[in-house]
Amino acid sequence: MKRAIWVLMTAVGSVWALNVVQAGILVSEKEVLREARLEWLSMKKHVPKDPDPRVQAYVQCVADRLIAQLNDQHKNLDWEVVVFDDDGINASANPEGKIAVLSGLFQVADTPDSLAAVLGHEIAHATLNHVMDRAKKGARTDMLVMLGSAATGIQADMIRDGATIGMTLPYAREQEGQADLVGLQYMSKAGFDPCGAIYLWKNMANANTVKQPEFLSSHPSDDARLNAIVKKITPALVEYNKARDAGNRPNCQPP
């Protein structure tokens with residue numbers, strides 16, 4: 001089951017890869033959004049959800065508090081969070097605010113603060129419009145349009161040729177790093193301890209038994225992510241303390 005859902009997450013959830021670039025022709029934003037919507041509906045239909053309603057309520061609680069920090073434009077997206085029953089360590093977001101979480105993520109995101117770091121990252125991909133940016137980049141390298149990204153996955157299937165390594169992957173790493181730091185802002189303003197992001201990536205480093213060089217991955221290495229987060233942790237802690245002083249104290253209880 002894990003292998004099957006991982007393939008689906010890679011094709012649908014992890015990178016929301018859609019075969020909508022033909023011969024390097026850039027499709028419209030409307031087409032990309034339509035395909036993303038269809039893929040999300042397909043995933044909900046065919047992938048089993050976590051059977052424990054407390055798990056869904058817990059993840060929804062964390063997500064709601066993060067979404068509350070967004071500006072009106074992004075806050076009014078049709079956000080939806082679904083926890084799928086699988087032991088894969090992954091999460092993903094599509095451009096319309098649909099967030100998929102695999103239950104295996106709780107192996108490393110085992111506190112509300114660390115879960116907020118993952119969800120904040122995914123929400124940031126949507127608010128930063130990374131989907132369309134990556135779609136445009138994908139068209140120029142004659143690849144699949146990339147929609148969103150997993151917070152944790154290694155996208156080995158994308159490594160197809162030198163153009164991919166030279167253009168698309170570094171561009172994706174830049175997006176991943178940006179999503180990490182914007183997500184850090186969201187979680188801090190929501191009253192989640194930003195140190196949870198450091199805790200998360202230490203756990204992730206221990207969980208990643210299969211590693212590949214950073215230049216061959218669309219995601220920064222664990223060490224690179226940790227270093228970038230540590231550099232920004234002081235202003236995030238200031239925001240966190242302001243939020244707590246203002247009474248912003250989320251009470252999302254793990255099941």
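Two strands are taken as paired if DSSP finds at least two bridges between them, and helices (H or I, at least four residues) and strands (E, at least two) are DSSP runs numbered from the N terminus. The structure is a predicted model, in which local features need pLDDT of at least 70 and side-chain atom pairs count only at pLDDT 80 or more, whereas totals for chains, interfaces and linings use all residues. Residues are numbered from 1 along each chain as its sequence is written, and side-chain values use heavy atoms, with hydrogens and water left out.

Under these criteria, an open sheet of 3 strands is found, with the order E1-E3-E2 and mixed pairing. Strands E1 (80-84) and E2 (91-93) form the edges, each pairing on one side only. Neighbouring strands are turned by 15° against each other on average, direction ignored; axes are lines fitted to C-alpha atoms, for helices over the stretch in contact, and angles run from 0 to 180 degrees between N-to-C directions. E1 and E3 (residues 98-102) run parallel and are joined by 5 bridges; the partner of Val83 in E3 is Val101.

Helix H2 (residues 29-46) packs on the sheet through E1 and E3, its direction making about 40° with that of E1, where contact means heavy atoms within 4.5 Å. Helix H5 also packs on the sheet, touching E2 and E3, at about 25° to the direction of E2.

The whole structure contains 2 aromatic pairs, defined for rings of Phe, Tyr and Trp (its six-membered ring) with centres within 6.5 Å; planes under 30 degrees apart count as stacked, over 60 as edge-to-face and the rest as tilted. The ring centres of Trp40 and Phe84 are 6.3 Å apart and the planes stand at 80°, so this pair is edge-to-face. Because Trp40 belongs to helix H2 and Phe84 to strand E1, the pair ties together parts 44 residues apart in sequence.

A search of the whole structure returned 1 cavity of 30 Å³ or more. A cavity is a set of points, on a 1 Å grid over the protein atoms alone, where a 1.4 Å probe fits but cannot get out; lining residues have an atom within 4 Å of a point. Grid points are joined across faces, edges and corners, and a volume is the space filled by probe spheres set on the points. The largest cavity holds about 80 Å³ and is lined by 12 residues, of which Ala117, His121, Asp180, Ala197 and Trp201 lie nearest its centre.

How values were computed
On a 1 Å grid over the protein atoms alone, a cavity is a set of points where a 1.4 Å probe fits but cannot get out, and a pocket is an open set with protein on both sides within 12 Å along at least five of seven lines; lining residues have an atom within 4 Å of a point.
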